[in-house]
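Hello,

Here is the structure you asked about. Please open it first, then read the notes below it.

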Amino acid sequence: MEKFSGKVVALLMAISLLVGAGGSYAVLSFVQHRGEAATAAATANSAVSSDKDTAKIKAIHDLIEKQYFRKVGSSQLYDGAINGMIEALNDPFSSYMNAKTASDFTQSLSSSFQGIGAEVQMVGKQVTIVSPIKGSPAEKAGLKPKDQIMTINGKSTEGLDINEAVNKIRGKKGTVVKIGIKRPGVNDELNFAIKRDNIPIRTVDSKIIKHNGQPIGYIAITQFNENTDQEFSKALSKLEGDGMKGLIIDVRGNPGGYLQAVEKIGNLLVPSNKPIVQIEDRAGKKQPFYSNLKKKKNYPVTALIDGGSASASEILAGALHEAAGYPLIGVKSFGKGTVQQGIELSDKSELKLTTDKWLTPDGHWIHKKGIKPTIEVKQPDYFYVAPITLKKGKTLKADETSAAVADAQKMLQAAGNNPGRTDGYFSTQTVQAVKAFQKAQKLPVTSVINQKTADALQQATLTAIKNQKNDRQLNAALQEIANEIK
């Protein structure tokens with residue numbers, strides 16, 4: 001029976017906004033031999049480089065090094081040549097990392113780190129958010145999947161590659177980075193000032209939720225690192241020992257990680273009648289990877305997914321649904337269906353190269369399509385609002401119309417103050433809702449929204465989002481479990 005092994009990877013995105021890098025890794029034993037061969041080839045003596053194209057690259061390198069009007073380091077030129085080859089693939093999931101970036105990448109999946117906690121990839125030529133990590137500064141600030149990073153500390157990201165952008169964003173705990181965002185459906189650029197912090201390495205949270213008197217287990221997986229399967233196994237054993245009657249697995253906002261963890265978690269939940277995942281090489285040959293579990297659990301299970309669930313999360317969701325028959329609740333997932341190898345070169349730099357596709361147990365390729373939930377449930381509008389950043393001295397007031405007013409109206413709803421509408425027109429009823437909110441917050445009752453009121457609205461919205469009663473997707477999952485228990 002095939003098993004995942006080692007640390008060759010299925011990379012979700014080129015890099016992340018952690019201390020160094022991030023992404024989704026997996027190992028497939030049949031791929032590893034290919035990786036070892038590639039590593040050997042990459043570190044071979046220059047005697048194999050007599051090919052005329054290789055010779056041309058060397059000649060151009062020598063000409064630039066000797067005759068260019070400024071001094072340029074040899075390593076800089078070769079790194080540029082490598083990045084040019086990667087760019088020619090037009091594949092956002094293949095990338096090259098120098099030795100330091102590669103080391104930071106590994107650290108982000110195996111130890112604590114500092115940063116803002118958001119996974120990113122290149123979409124076209126734009127650095128784009130895949131998902132903020134739960135509880136991270138990025139999530140708390142209001143970054144969302146598909147947000148495009150337009151500026152960093154006031155400077156355009158145009159022309160930056162993924163590594164350059166990440167280097168500008170990351171930094172020490174307590175320092176602030178300013179990020180300008182273009183969000184789909186929003187006309188104005190959104191501005192965020194995000195204080196960097198420690199990103200926790202704990203990837204599993206669990207608890208018992210009482211629903212209609214029944215104890216239902218809940219396990220949230222924030223990403224898949226090298227310890228996630230052990231954390232999950234301990235959490236599952238404890239919940240079973242506590243007498244749970246059903247289980248909810250939450251991979252919303254989970255951008256991926258080591259797929260060895262997915263395989264081991266699959267062994268606990270997915271019966272062996274179908275594969276957990278199938279890998280297809282460029283010749284079309286498919287190789288399935290099976291669980292060793294003989295039968296399903298004796299309690300109902302469901303999973304929560306959203307647009308930030310990607311790569312390893314989608315493999316787990318696909319296996320839970322197609323191989324185990326468990327329902328998926330939420331909205332369509334991200335849609336990343338390719339496998340990457342991480343190949344360490346002789347100087348400790350690393351190449352991430354797309355080598356294969358991964359398919360669901362039933363053979364579906366979800367790349368750029370995502371996995372659709374069996375029960376679609378959208379969150380309240382205020383779950384998706386952008387924080388309001390006003391220029392100094394500016395306010396939002398009656399009879400104005402703007403996207404910021406629309407966000408403020410949704411935030412008022414989150415705070416329990418009915419604005420009457422959420423279309424962005426600052427109506428008379430919106431004025432009354434603002435005044436009621438300001439009074440409740442002990443703010444000057446001005447009927448206009450200044451930055452202080454906007455910040456209070458943002459905090460009230462975050463509080464509402466954290467309140468379980470407002471989480472429609474989780475509540476739908478609880479009800480689904482309750483229906484199956486009967």
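Six strands form an open sheet, in the order β11-β12-β13-β16-β17-β20. The pairing in this sheet is mixed. Its edge strands are β11 (204-211) and β20 (375-376), and each of them pairs on one side only. In general, strands of a sheet pair through backbone hydrogen bonds, either parallel or antiparallel. Bear in mind throughout that this is a predicted model.

Strand β11 runs antiparallel to β12 (residues 214-221), and eight bridges join the two. Lys210 stands opposite Pro215 in β12. There is also a charge over a ring: the charged end of Lys207 sits over the ring of Tyr218, 5.4 Å from its centre.

Lys357 and Trp365 give another case. Lys357 lies over the face of Trp365, at 4.2 Å from the ring centre.

Now the aromatic pairs. How many does a search of the whole structure find? It finds two. Tyr68 and Phe69 make an edge-to-face pair, with 5.0 Å centre to centre and 65° between the planes. The planes of an edge-to-face pair must be over 60 degrees apart, so 65° qualifies. Tyr68 is partly exposed, at a relative accessible area of 41%. Phe69 is exposed, at 63%. Exposed means over 50%, which is why Phe69 counts as exposed.

Thr453 lies in helix α12 (residues 451-466). Its relative accessible area is 3%, so Thr453 is buried, the cut-off being under 20%. Which residues is Thr453 in contact with, leaving aside its neighbours within four places in sequence? They are Phe437, Gln438, Leu443 and Val448.

Finally, the chain as a whole. It has 13 helices and 20 strands. Of its 486 residues, 51% count as buried. The chain exposes about 22,600 Å². Take the contacts between residues at least 6 apart in sequence: 68% of them join residues at least 24 apart.

Best wishes

Conventions. Residues are numbered from 1 along each chain as its sequence is written. This is a predicted model: local features need pLDDT of at least 70, side-chain atom pairs count only at pLDDT 80 or more; totals for chains, interfaces and linings use all residues. Side-chain values use heavy atoms; hydrogens and water are left out. Helices (H or I, at least four residues) and strands (E, at least two) are DSSP runs, numbered from the N terminus. Buried means under 20% relative accessible area, exposed over 50%, partly exposed in between (1.4 Å probe, protein chains only). Contact means heavy atoms within 4.5 Å. Two strands pair if DSSP finds at least two bridges between them. Accessible areas come from the Shrake-Rupley method with a 1.4 Å probe; for residues, only the protein chains shown count as cover. Rings of Phe, Tyr and Trp (its six-membered ring) pair if their centres lie within 6.5 Å; planes under 30 degrees apart count as stacked, over 60 as edge-to-face and the rest as tilted. A charge sits over a ring if NZ of Lys or CZ of Arg is within 6 Å of the ring centre and within 35 degrees of the ring normal.
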